[in-house]
Amino acid sequence: MKPSKPNTFSPSANFALKLLLILSLGATGQCLLAQTESGLPVIGGLCLYTLAVIFLLQFFPPNHSTKFLSTETMNTKTEGLFFLFILALGLFLRAYGANRFPSGIFVDRAEVACGALQILNHHWQPFLDALNLHVPELCIYYTVAGWFKLFGTTPEAFAYFDVSLSTTGIVLMYIAFRQWMSPFPALLAFFFLAVMRCNFAFAHQLYFQSQTVFFMGLTLAPLLYALRVHKPVFAALAGLALGTGLYAYQSFKAVPLLVAVLMLFEIFREKERFEKNKEAWAVLWIVFTLAAMPFLGWVFQNGSLGRRDAEVSILVRIHSENSLMPFLENIRDMARMFYSVLDNETGVILVLGLFYVLRRIMEKVFFIALTGFGIMSLPGILSASGDNPGRILGMTPFIACLCSFCLSDLWIRWKTTKPSPLFKRSVLSLSLLGLAAAGFENYEGYFLVQANSIDCVADYSWSESQTGRFISLLPVNTECFLTTSYYGHPTVMYLTYPHGDRLHLLDLAHPPQPDSFPRRSDFCFLLNEYQSGVLPFLETFYPGGKVETFRNPLGNITLSTYTVPASVLEKLAPNPVAEKGLEGFYRHSLDGKETPFLKRWDPLLDFSFRDLPMTGTPLFIHWTGQFKAPQAGLYHLRVMMVAAASGRIRVDQKEKTEYTNNPDWEGSLNTGWHQFDFDYQDSGSSVTRVELLWMPPGAHQFELMPNSVFGRIK
């Protein structure tokens with residue numbers, strides 16, 4: 001009988017090889033899922049992920065005797081050094097390029113800034129009325145006002161408010177981590193949270209969704225400490241933070257549910273501990289109720305959890321479609337979103353960690369992480385768009401915990417196999433290299449890709465930001481005339497504060513008169529990307545000015561300015577008026593017998609955003625007049641409009657054509673004057689666009705029909 005062949009691998013090597021197999025399957029699945037243009041790789045990726053999870057659960061069954069998360073110790077000095085290093089890394093990712101990535105100021109942030117400036121300078125004292133505003137959050141107005149008081153109101157100082165809010169939030173979460181786990185997993189979770197792109201991106205002038213993590217940390221840190229040392233005074237601090245958070249970003253409304261579930265866990269699973277903490281829990285809910293009382297009264301009065309909650313809720317769609325498919329689609333979209341914003345390393349570890357930790361859900365340390373992960377996903381799942389990263393920002397601390405628990409448990413279990421010092425150092429080096437790769441991938445994903453994407457540039461109000469900055473640099477004697485897309489825009493208002501008296505709405509039907517403004521005033525006209533055709537009219541009306549154009553980071557001209565110095569304006573004829581144009585009859589119904597609410601001459605048909613009078617109400621407009629064909633030949637006329645509008649063009653003809661969303665006319669014309677009529681109708685779009693284009697003989701592309709070809713105004 002032959003002796004059995006001895007095992008050629010040590011226990012530590014066997015452990016490492018099994019884990020390497022699992023990570024390889026997960027990484028390969030992650031790579032295949034990236035091939036979204038084909039369904040086959042996606043299916044293959046899901047299959048490999050499934051195998052990785054099966055092998056993980058088979059090779060590493062739960063070891064319920066492992067108590068390392070609560071008992072493992074680390075030298076305080078060592079923990080402090082690691083904490084400071086990770087904090088510095090997280091601060092770098094949040095503060096780096098704070099005024100450059102991205103280069104615009106998001107409209108909601110600007111609206112908060114304007115409110116904060118009013119608090120400081122006009123004694124505005126918002127309370128529950130703030131819950132009815134476009135940004136329906138009370139805390140943020142006072143917090144930003146305090147920041148402005150301490151550090152100034154400049155956009156540069158404002159950018160670092162976001163940095164401070166996000167950084168403070170992750171520090172508070174680390175303090176909370178330390179209340180229910182030992183230093184090693186807490187530091188690892190802190191690292192994942194610090195470098196996670198979908199967390200630090202909100203430190204870069206997007207919006208203050210970081211409030212969710214901030215107030216959650218401000219609640220959980222003292223609460224878990226109070227429960228650990230049985231001190232009700234810290235529970236009172238937690239209750240105050242929990243109640244105050246209801247006046248912050250709407251996603252925080254899930255946190256009271258999380259706290260309630262944690263209390264139920266103590267009641268049913270840790271009865272002795274609950275007996276010791278009954279007073280702390282009572283103090284928590286009493287203080288919370290007192291702090292939340294005004295908000296609860298507002299909810300009762302308005303029948304809603306918030307002004308925007310009904311707007312962004314998926315429940316409306318579920319009710320209208322009488323189906324749960326929108327709910328399931330939100331879960332799918334949220335999963336896709338996480339796949340796109342999480343780095344590959346964190347993505348693989350999260351999937352494995354979720355199933356790995358799920359087996360020990362009845363242990364409190366794992367229960368908190370899994371419950372937080374599930375409950376803080378509700379704001380995203382129940383919203384109108386499950387792929388909105390801001391609404392599920394509260395999940396990021398618990399994602400970090402799940403990743404940390406998986407790696408920590410596997411590391412500690414591997415150490416029990418007593419690997420050689422060299423093997424241990426090698427595995428540790430590879431692990432650190434993987435973490436470094438995760439950090440770099442997040443850096444690259446945000447600063448080199450996301451911050452320069454088309455969506456990011458559009459979301460951050462680049463042209464409005466450039467408009468405000470341009471105006472702020474103009475001499476104080478400059479009167480500025482803006483289209484409706486810029487006039488009254490919060491970003492422009494914030495950047496030009498407190499010089500709003502120099503801003504005026506541009507109405508081409510009533511061009512500004514130099515005599516109506518103080519002597520020696522310069523004029524500056526600021527036009528959006530759709531109104532480049534207005535420049536020739538302004539140059540004709542106010543000759544001698546200077547044109548400047550500004551390109552956004554994508555290379556597109558989105559802002560044009562025309563500045564006319566006072567010395568040129570003084571030479572103009574007194575009170576110049578437009579001499580050519582089309583006569584417009586503005587009504588609210590299609591009935592031609594209705595008396596127009598407005599009748600005026602428009603020098604150009606070039607309206608965008610809300611330049612058209614009474615935008616947002618039903619509009620039926622008839623423009624009529626003449627235009628001169630400079631030469632005989634084939635002419636092509638077209639009107640650009642929003643999707644909900646329609647119109648029809650008539651040239652030298654009385655018969656009526658059908659309304660269409662793409663009004664178009666083509667025909668041969670002789671040299672000379674021709675009758676032009678255009679009928680426009682819109683049921684009430686919030687924004688409009690009416691742009692009359694033409695392509696005369698010899699031209700190769702459409703251009704705005706210039707004022708010079710229209711007949712004289714009667």
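Author: Let us begin with two buried residues, Phe214 and Phe215, keeping in mind that the model is predicted. A pair of aromatic rings is described by the distance of the centres and the angle of the planes. In this case the rings of Phe214 and Phe215 form an edge-to-face pair, with 5.2 Å centre to centre and 85 degrees between the planes.

Reader: How many aromatic pairs does the rule give in total, and what is the geometry of the pair formed by Phe15 and Phe60?

Author: The count comes to 50 aromatic pairs. Phe15 and Phe60 form a tilted one, with 4.7 Å centre to centre and 50 degrees between the planes. This pair links distant parts of the chain, since Phe15 belongs to helix 1 (residues 11-33) while Phe60 sits in the loop between helix 2 (39-59) and helix 3 (68-71), 45 residues apart. Both Phe15 and Phe60 are buried.

Reader: Which residues do ring pairs link into a cluster, and which charged side chains lie over the face of a ring?

Author: The cluster linked by ring pairs consists of Phe92, Tyr96, Phe200, Phe440, Tyr443, Tyr446 and Phe447. As for charges, Arg109 lies over the face of Phe158 at 4.1 Å from the ring centre, and Lys18 lies over the face of Phe59 at 5.4 Å from the ring centre.

Reader: How should I read the nonpolar cores, and which residues have the most contacts inside the largest one?

Author: In soluble globular proteins, nonpolar side chains tend to be buried together. Here the largest nonpolar core has 124 residues, and those with the most contacts inside it are Phe177, Trp180 and Tyr494. Helix 7 (residues 155-180) contributes the largest share of this core, eleven residues. Another core, of 29 residues, lies apart from it and includes Leu619, Ile621, Trp694 and Val709.

Reader: What is the order of the open sheet with antiparallel pairing, and is strand 11 enclosed or left open by the rest of the structure?

Author: The order is 7-6-9-13-11, again in a sheet of five strands, with strand 7 (598-602) and strand 11 (646-651) as the edge strands, each pairing on one side only. Neighbouring strands of this sheet are turned by 15 degrees against each other on average, direction ignored. Although strand 11 is an edge strand, six of its six residues are buried, so strand 11 is largely enclosed by the rest of the structure. Ser646, Arg648 and Arg650 point one way from strand 11, and Gly647, Ile649 and Val651 point the other way.

Reader: What stands opposite Arg648, and what is the bridge partner of Arg650?

Author: Strand 11 and strand 13 (residues 672-682) run antiparallel and are joined by six bridges. Opposite Arg648 stands Asp679 in strand 13, while Arg650 has Asp677 in strand 13 as its bridge partner.

How values were computed. Residues numbered from 1 in each chain as written. Predicted model: local features only at pLDDT ≥ 70, side-chain atom pairs only at ≥ 80, totals over all residues. Heavy atoms only, no water. Core = buried A, V, L, I, M, F, W, Y, C linked by side-chain atoms within 4.5 Å. Buried < 20%, exposed > 50% of the residue type's maximum accessible area, 1.4 Å probe, protein only. Helix = DSSP H or I, 4+ residues; strand = E, 2+ residues; numbered from the N terminus. Phe/Tyr/Trp six-rings, centres within 6.5 Å; stacked < 30°, edge-to-face > 60°. Lys NZ or Arg CZ within 6 Å of the ring centre and 35° of its normal. Pairing = 2+ DSSP bridges. Axes fitted to C-alpha atoms, helices over the stretch in contact; angles between N-to-C directions.
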